[in-house]
Structures are given as structure tokens and as C-alpha cells.
Amino acid sequence: MLIDLLSNRSDYVNDVSNMIYKEFVVNTGSKMTFEEVCIYFSNTNSERFPITLIAIEENECTGTISIFENDLKERDLYKPWLASLYTKPEHRGKGVGKKLITETLKVIKKLGYKELYLRTENASDYYRDRGWSFVETITDDKGQKIDVFKFDLNNKKIIN
């Protein structure tokens with residue numbers, strides 16, 4: 001399995017846009033169009049936010065993850081954020097997500113950041129089991145409970 005920056009693999013922008021649109025736009029009731037998602041992912045970067053990584057196996061994009069400057073407007077003091085981790089259902093349980101997270105942590109460290117945050121509504125145990133520290137639970141403007149986690153690159157080793 002190869003993990004690479006989407007900015008190096010523009011031929012996968014449509015695949016990533018499809019995954020993210022179905023999972024994080026349609027499922028959340030966002031008003032963003034598919035075309036807007038495609039434009040967004042066509043403009044991801046390698047050394048400034050937003051950054052998107054992809055997992056490729058046998059020329060298929062099997063998963064994706066992004067790094068945003070902020071992913072929770074109620075907590076703009078926390079920066080940067082792991083966002084939009086997604087693995088295609090038929091590839092789950094094969095370590096795709098773990099490898100995407102590991103490479104994301106390496107990118108963040110290379111950029112000089114000491115910590116990375118994330119928000120989750122339903123996967124707290126997944127991140128806790130992988131060394132992320134619980135920061136707080138907040139209620140967003142829609143009344144939804146969100147757990148915030150942090151990975152401290154000073155105090156935790158990145159495990160491959």
C-alpha cells in the first residue's frame with residue numbers, strides 16, 4: 001500500500017471527492033455541491049493547509065485523510081486538525097486508516113507542529129486506543145456532542 005499526497009496524484013481527485021461527498025457532505029446535510037468538493041480537493045497542498053493524503057493499492061484509492069487548519073469553529077485556538085478520515089468499506093480492517101493517520105502525523109511533525117487535533121461524534125474509542133488524548137466534549141451550534149482529541153508529538157512516538 002502506498003500513501004501519497006493528493007497534490008502529487010491529481011488523477012485521484014474525483015475518487016477522493018466521491019468518498020468525501022457521500023460520507024461527509026450528504027450524510028451531514030451540508031449544502032456543498034459535488035462540484036465544490038472536487039474544486040476543493042483539486043486545490044489541496046503539500047506544505048500548507050489543506051493537505052490531503054490518499055492510500056493507493058493496485059491503482060485504486062482505498063482511503064483518504066486531510067489536515068485542516070481548523071475543523072471546529074467553536075475551538076479555533078486548536079491547530080491543526082486531522083479531518084475526513086475515510087476508508088472504503090471493502091478495505092476496512094486492513095490497516096488503511098492506521099497508515100493514513102501515521103503518515104499524517106509525520107507530515108505534521110515535518111511542518112514543525114507539536115500536536116494535532118481531531119473531532120469525532122462516534123469514534124472516540126478508536127482514537128483513544130491509538131494513543132490520542134481526550135481534550136474535551138463540546139456541544140456544537142446544532143446541539144451535537146463532539147469529542148475533541150489531541151495527539152502530542154512531543155510526548156508520544158509515531159508508531160508505523
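Predicted model: local features only at pLDDT ≥ 70, side-chain atom pairs only at ≥ 80, totals over all residues.

User: Which residues of the largest nonpolar core touch the most other members?
Analyst: The largest nonpolar core has 21 residues. At least two of its residues come from each of strand S1 (2-5), strand S2 (51-57), strand S3 (60-68), helix H3 (96-110), strand S5 (115-120) and strand S7 (145-152), and H3 gives the most, with 6 residues. The members that touch the most others are Leu53, Leu82 and Trp132.

User: How many residues are in the second, separate core?
Analyst: Among the members of this second core, which is separate, are Val13, Val16, Phe41 and Ile56. Its residues number 13.

User: How many disulfides are there by the distance rule?
Analyst: A disulfide is a covalent bond between the sulfur atoms of two cysteines, and the rule applied here asks for sulfur atoms within 2.5 Å. For cysteine 61 the closest cysteine sulfur, in cysteine 38, is 13 Å away, which is too far for a bond, and cysteine 38 is likewise in no disulfide. The count of disulfides is therefore 0.

User: Is cysteine 61 buried or exposed?
Analyst: Buried requires under 20% relative accessible area. Cysteine 38, at 15% relative accessibility, falls in that class. Because its relative accessibility is 0%, cysteine 61 counts as buried.

Key:
Residues numbered from 1 in each chain as written. Heavy atoms only, no water. Core = buried A, V, L, I, M, F, W, Y, C linked by side-chain atoms within 4.5 Å. Buried < 20%, exposed > 50% of the residue type's maximum accessible area, 1.4 Å probe, protein only. Helix = DSSP H or I, 4+ residues; strand = E, 2+ residues; numbered from the N terminus.
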